[in-house]
Amino acid sequence: MEEIERPEMTRPVGETAGEIYRVAGPVVTATGIHPRMYDVVEVGHEKLMGEVIKIVEEKTIIQVYEDTSGVKPGEPVRDTKASLVVELGPGLLGTIYDGIQRPLKVLTETMGDFILRGVSAPGISREKRWGFTPTVAVGDTVQGGTIIGKVQETTYTEHRVLCPPKMSGKVAAIGEGEFTVTDTVCTLDNGQKISMMQKWPVRVPRPSVEKLMPSIPLVTGQRVLDMFFPVAKGGTAAIPGGFGTGKTVTEHQLAKWCDSEIVVYIGCGERGNEMTEVLTDFPKLEDPKTGAPLMERTVLIANTSNMPVAAREASVYTGITIAEYYRDMGYDVALMADSTSRWAEAMREISSRLEEMPGEEGYPAYLSSRLSEFYERAGRVKTLSGAEGSVSVVGAVSPPGGDFSEPVTQGTLRITKVFWALDTRLRERRHFPSINWLTSYSLYNRTLSDWFVENVSPHWSELREWSMAILQREAELQEIVQLVGSDALPEDEQLTLEVARMIREFFLQQNAFHSVDTFAPLERQYELLATIKRFSDLAKKALSLEVTYQELADMDSITLLGKMKYEEDFAGEHKKVTDKMDEEFRQKEVIS
Amino acid sequence: MEKTEWVGYGELVEIVLPDGTRKRGQVLDTSKDIVVVQVFEGTAGIDRSSSVKFLGETVKLNVSKDMLGRVLSGSGEPLDGGPPVIPEKRIEILGAAINPFSRAPPEEFIQTGISTIDGMNTLVRGQKLPIFSGSGLPHNEIALQIARQAKVLGEEEEEFAVVFVAMGITHEEAQYFMRDFERTGALKRAVLFLNLADDPAVERLITPRMGLTAAEYLAYEQDYHILVILTDLTNYCEALRQIGAAREEVPGRRGYPGYMYTDLATMYERAGRIHGKKGSITQIPIISMPDDDITHPIPDLSAYITEGQLVVSRELHRKGIYPPIDISPSLSRLMDAGIGAEQTREDHKQVSDQCYAAYAEGKDLRGLVAIVGKEALSGRDRKLLDFADVFEAKFVRQGREEDREILRTLGISWEMLAALDERMLTKIDRVTLEKYYPKRQEGEDGQGVQGD
């Protein structure tokens, strides 16, 4: 690793070379070096990358990001005197990295289809030239976070080049034109040089002026989420669920359709094929807002389950640092971490190799503080340049046996504001997304109501409360139905059940693989639910006019209503359904 | 063991007992003072005077194209009386992770001829789809039927070469597999690695990696499409726990080591396809769930890594239905990639979703019927109840040698759906209904086979 700038650091030059004392899986003990905690070290003849995680007297304990088979005691260890950093600059978007920001595409070119050891590659290309347009002039005062220029990174995304947080001064010279990321584009009067690339230690949150209250929803186009359990821009959400309940599909759906400007997707200890799917799908899909391929707004971090455990531990930090960097440019960033349980397990594995005293279920005692530190890096902030930006974090949790009482789920729920509970029973009846509407919650419902009322419909909150009440009522009625059958219920209760069924099947269920249904704009969501409510209101009136329940249940407009969400021409279909419904109710003399 | 010179982590060790017996082991922990070695063949007979030799390399397997047709032991030695495999290459069995960027998405439909798999939980080439079963259930028969019938449809139907890995199974079970392979002539296109119940537990940890190394060589260097059958992962995990306990590690859930997820992942993730390579590896691991408990750590962790699971049900088995695959808890995550107009037929996804929903509802109603009787049900509920019964009798049930084509499977689905009202088919869109719903097609055969 070449020299890395270390802001505010002057320290005595210590020994940089030592040797390995012990190797136990990914944990290596070295002697003879005197690094700081979290310094990056090169281990062995193959220069495997590692990070200092513990210092005991003369011994330094290192977690190694690569496989350590064949590494022997006595091999050299070199302290790079720098902590684990990510490289930030144009070229991040559209790239797939491993947990320590090695670009996987470059790795295939240098070492083939399998990930071998001891190969390093810079996070962003040193050769590529970018067109830089300055936004400050000579004589302007700049400080950390000031936007000094722009680069068109992808078709629709403008990369704002920031003055690194710890620099400030007057601009002495500024360039314009084509540069590589390491070229100096700006010189300050105190001699400090700024290039388009900066480095930032992953474990340290990037600074901002202040945190703002989240008040704008992250619109996801997923009906159950937007209508019932919305997450705010800058908010945090957890999706716990047993295997097969659709954590990954939900995360993918969010990454595809949420209305943030940048998406960072971390595949942490999950399946290789899932990352492949993202890699194949995203370039083909269009951003609903801009029409550009989704890949152009996405950064992927892929540290699959069979890749080294220590790099998995680092991957979430790498991801969130990149997210913060785009936030600092004034963008809304959404970060998906799938799955945080694998991250926690990586911590557990390393902790147990360190022979630390285990906490609950063998997880280290610091598990919940690590989780909190991570989720606290989310938020809507006023950036150093005065703009507003946000990082929303959606973390999947994979509880063993689907049991939500385990430490990772519980630790996560204490911090996150939105809880999307995935339910195995719903999955078994192919109710997707299998988000349980009775146990999930969103603490943003209140703060975001105003936005929905103002931007979608004045009846938004009312409609939500109405449908939630129906679903609650259904749950109560179901208990009776289990005992006596639905025919034994009074007609108005049967109608409640039918309306609840319509809400579940027509509204809550959404087919992620259907070209139209996969993304539902807010207006459509509202209209669909409002039409169901309209049916319910009229049907209630009909019952009071001696129309039987069976006649209502047999109405053709119900069938039509059920298919409405699949139609490309939603407005036309909506009219057809409403007309049909009116006609049928007119026949029954409910309306005139 | 205290040591003389410095030894690499994961290095192979040879121990020679005073009586001349050789045992092999592997370095688990190495430092300047002490080396911890795990012995594959069990520590019986090792004493202080045994000599220890560090071989300076990690565990490797001799691979060659001629491996096909061979029966090898759990550590790669011939068991069939034949000569040792003449190596074309020696490969480390640990294997490296496939770079996610190099992976090609699995998307080629594999027809297994079993309706519950093809129709409802489609297997695709490069997928890892385990069978979750219990003791006494016919998982081995199902695995064999898949191995026998699996093919990729197309201009020329392509068959698979099989790598069969046995971990801790009994002689009898091993015989059963071998006989079936011989009976059907599949042995010619198969290589068997057998670690039996009375072989040392530690060897169980390397057997599947031997098998997968052979599979990778055959797939990525010899262009074979490989089907890897691993049985039984439960025995493997027991061995892992045994070793973990011996190493005095902090145990995780139910005493299994905390790294079991990662350890299993290093095997399951070796399934897949690679851009630019002709071959592929499809994995069917078999896991017998202790006490049929799907939340047990072994099936639980596995299902978090594999791309779905096929669950064998004791209830269906008791009803005498073969193959007793219960679709409700089963899942194939890659199904959507492998079906549709180009692979099977355009209506496949919707039909399967609809059958799933109707079957689930029908099954729920069985509980209700027991209380209130069938007469108390509404017409809609009665139809769903019947659907569930017909589904099990016609769709799930099939012959042990019956190789049902996918179009036949879809045809049966539509026949069953025809008994439901059109309005109950909420998962099927208008266009598809018009094309395939038998009631919409007066005069036609009503099986919906005319598409494609």
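**Notes on the two-chain model**

1. Chain A first: among its contacts (heavy atoms within 4.5 Å) between residues at least 6 apart in sequence, 70% join residues at least 24 apart. Keep in mind that this is a predicted model, where local features need pLDDT of at least 70, side-chain atom pairs count only at pLDDT 80 or more, and totals for chains, interfaces and linings use all residues. Residues are numbered from 1 along each chain as written, chains are lettered from A and ligands numbered from 1 in the order written, and side-chain values use heavy atoms, with hydrogens and water left out.

2. On overall shape, the C-alpha trace of chain A spans about 90 × 55 × 40 Å along its principal axes. Of its 592 residues, 62% count as buried, meaning under 20% relative accessible area with a 1.4 Å probe and protein chains only.

3. As for confidence, the predictor gives the complex an ipTM of 0.85 and a pTM of 0.90. Chain B averages a pLDDT (per-residue confidence, from 0 to 100) of 88, and 96% of the residues score at least 70.

4. One stretch to watch: residues 443–452 of chain B stay under 50 in pLDDT, and the model has 19 contacts for them beyond four places in sequence. Where pLDDT is low, the predicted coordinates should not be read in detail.

5. B:Ile371 sits in helix H11 of chain B, residues 348–372. B:Ile371 counts as exposed because its relative accessibility is 52%, and the cut-off for exposed is over 50%.

Conventions: Helices (H or I, at least four residues) and strands (E, at least two) are DSSP runs, numbered from the N terminus. pLDDT is the predictor's confidence in each residue, from 0 to 100.
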